Amino acid sequence: MEIIQEGMSKFYASRDKNGKISKELDVFYNPVMKFNRDVSITLLNVINQSNMQMCDLMAGSGVRSLRFIKELKKGVIGKLVVNDYDEGFIRLFKKNLELNDIDETKSNVYVYSMDANKLLLESTGFDYIDIDPFGSPNDFLENSIVRLSREGILAVTATDTAPLAGTFPDACIRKYWAKPLRNHLMHEIGLRILIRKIQLIGAQHDKALIPMYSYYKDHYFRVFFKCVKGKKECDNILRQHEYLLYCNTCQSFLTSEINQCMCCNQQMEYAGPLWTGQLYDSDIAFKIFKMEKSNSLLKIIADESLIKSIGFYDIHELAKKHKFLIPNYEKLLLELNKLGKSVRTHFSNNGIKSELSVKEILSVLNVLKDK
Ligand SMILES: C[S@@+](CC[C@H](N)C(=O)[O-])C[C@H]1O[C@@H](n2cnc3c(N)ncnc32)[C@H](O)[C@@H]1O
Ligand SMILES: [Zn+2]
């Protein structure tokens, strides 16, 4: 094993024979997920909550918790439970605490090696629970939600994008209770299907789970929910579960309570039911971006948070179909914004989110063609 550094923490991990640090090894550490951890830290630092009872439910190498201890503002952590059912976890994590000069007792850190559900059931509850499993978070949602405090934050990672993004539609229906679509909208649809499923489990316990910040990246989905306890709040969430209808002839889309609608003389395709509300609290999205101004993804998400539209246009597909050259995106956005709010989307490099209809987008593409 060797010592790896991420953020302000050091920890033990091992490399394979090709020099890669990977999930096949004894200690799970995925360097690709650094962004996931960075965002968690920034979010917890910008929301100004203190004395939080926190749980890193499936900690792997423990790097997330080490970074929480080192990088969260003073007073944020009231108590931090760090858990992984891997056999050697307690020994490893204690070594990592030592390596970082962290005193377990003074830092209010509690290390466990238990099955995640057992730990949740035996706990008194948390203000922040981070679910970061291999694949689907399904097995851990119910107990996490039950143990989430009235105004707690639930952070969920899902890496099983194949069902959610429509490669395995039947699996999506079984596991996430909604129909996905395999087209350029698949990642936004997948994220919204995941959100709805988690909200349905929340509603069973009168807990309204409102997305504060959510995104898709590197083949995973990530959502931070704010919990609000209340029946009315849950009803309000459920009213925002609808279908997304899509016309694969003209690329127009809309949300609807029913899954049928005609466009271009044919039935539109549908996805859902899914969450049609906001994916981000835009105040938080801008605060997160301000902490890391050089990160273009955080900027795109912040801009995206200002627009209410669900779905987006694939400009490459439109250009191909209507025989336009692909325009310069800055120029295109400038022109589009004269007619209605339009931004890039983090879901796709070719995507534009816009308040405009496909007809209006095409009219702008047409004008740009001659310039
Ligand atoms: C994706 S890794 C976690 C990575 C870590 N959160 C990070 O940021 O580096 C998933 C971890 O979940 C643990 N795990 C899987 N099922 C579990 C269960 N039922 N209870 C507790 N831990 C579990 C595995 O041992 C593995 O270390
Ligand atoms: Zn159409």
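Predicted model: local features only at pLDDT ≥ 70, side-chain atom pairs only at ≥ 80, totals over all residues.
Two strands pair if DSSP finds at least two bridges between them.

**Entry 1: a parallel pair**

I began with strand S4 (residues 77–83) and strand S5 (residues 109–112). They run parallel, and 4 bridges join them. I picked out Val81 and looked up its bridge partner in S5, which is Tyr110. Next I followed the chain from S4 to S5 and found that helix H3 (residues 89–99) lies on the way. This β-α-β crossover is right-handed.

**Entry 2: a sheet of 3 strands**

Then I turned to an open sheet, where the strand order is S11-S10-S14 and the pairing is antiparallel. Which strands sit at the edges? I noted strand S11 (253–256) and strand S14 (269–275), each of which pairs on one side only. On average, neighbouring strands here are turned by 25° against each other, with direction ignored.

I also wanted to know what packs on this sheet. Helix H8 (residues 186–204) does, and it touches S10 and S14. The direction of H8 makes about 45° with that of S14.

Strand S10 covers residues 241–246, and I counted 5 bridges in its antiparallel pairing with S14. One pair I wrote down is Glu242 with its bridge partner Leu274 in S14. A friendly reminder to myself while looking at strands: in a regular strand, side chains alternate between the two faces of the sheet.

How many of the 7 residues of strand S17 (residues 348–354) are buried? I found 5, so I call this strand mostly covered, taking a residue as buried if 20 or more other C-beta atoms lie within 10 Å of its own.

S17 pairs with strand S16 (residues 342–345) in the antiparallel sense, through 4 bridges. Here Ser342 has Ser354 of S17 as its bridge partner. A hairpin of 2 residues links S16 to S17.

I looked up strand S15 (residues 313–314) as well. It runs antiparallel to S17, and 2 bridges join them. Opposite Asp314 I found Gly351 of S17.

**Entry 3: around ligand 1**

Last, I visited ligand 1, which has 18 residues around it. Which of them come nearest? My list reads Met58, Gly60, Tyr85, Ala116 and Asp132. I sorted the shell around ligand 1 by class too: 10 residues are nonpolar, 2 are polar and 6 are charged.

Conventions: Residues numbered from 1 in each chain as written. Chains lettered and ligands numbered in written order. Near = placed C-beta within 6 Å. Nonpolar A, V, L, I, M, F, W, Y, C, P; charged D, E, K, R; others polar. Axes fitted to C-alpha atoms, helices over the stretch in contact; angles between N-to-C directions. Contact = placed C-beta atoms within 7 Å. Right-handed = clockwise from strand over helix to strand, strands pointing away. Buried ≥ 20, exposed ≤ 12 C-beta atoms within 10 Å, placed from the backbone.
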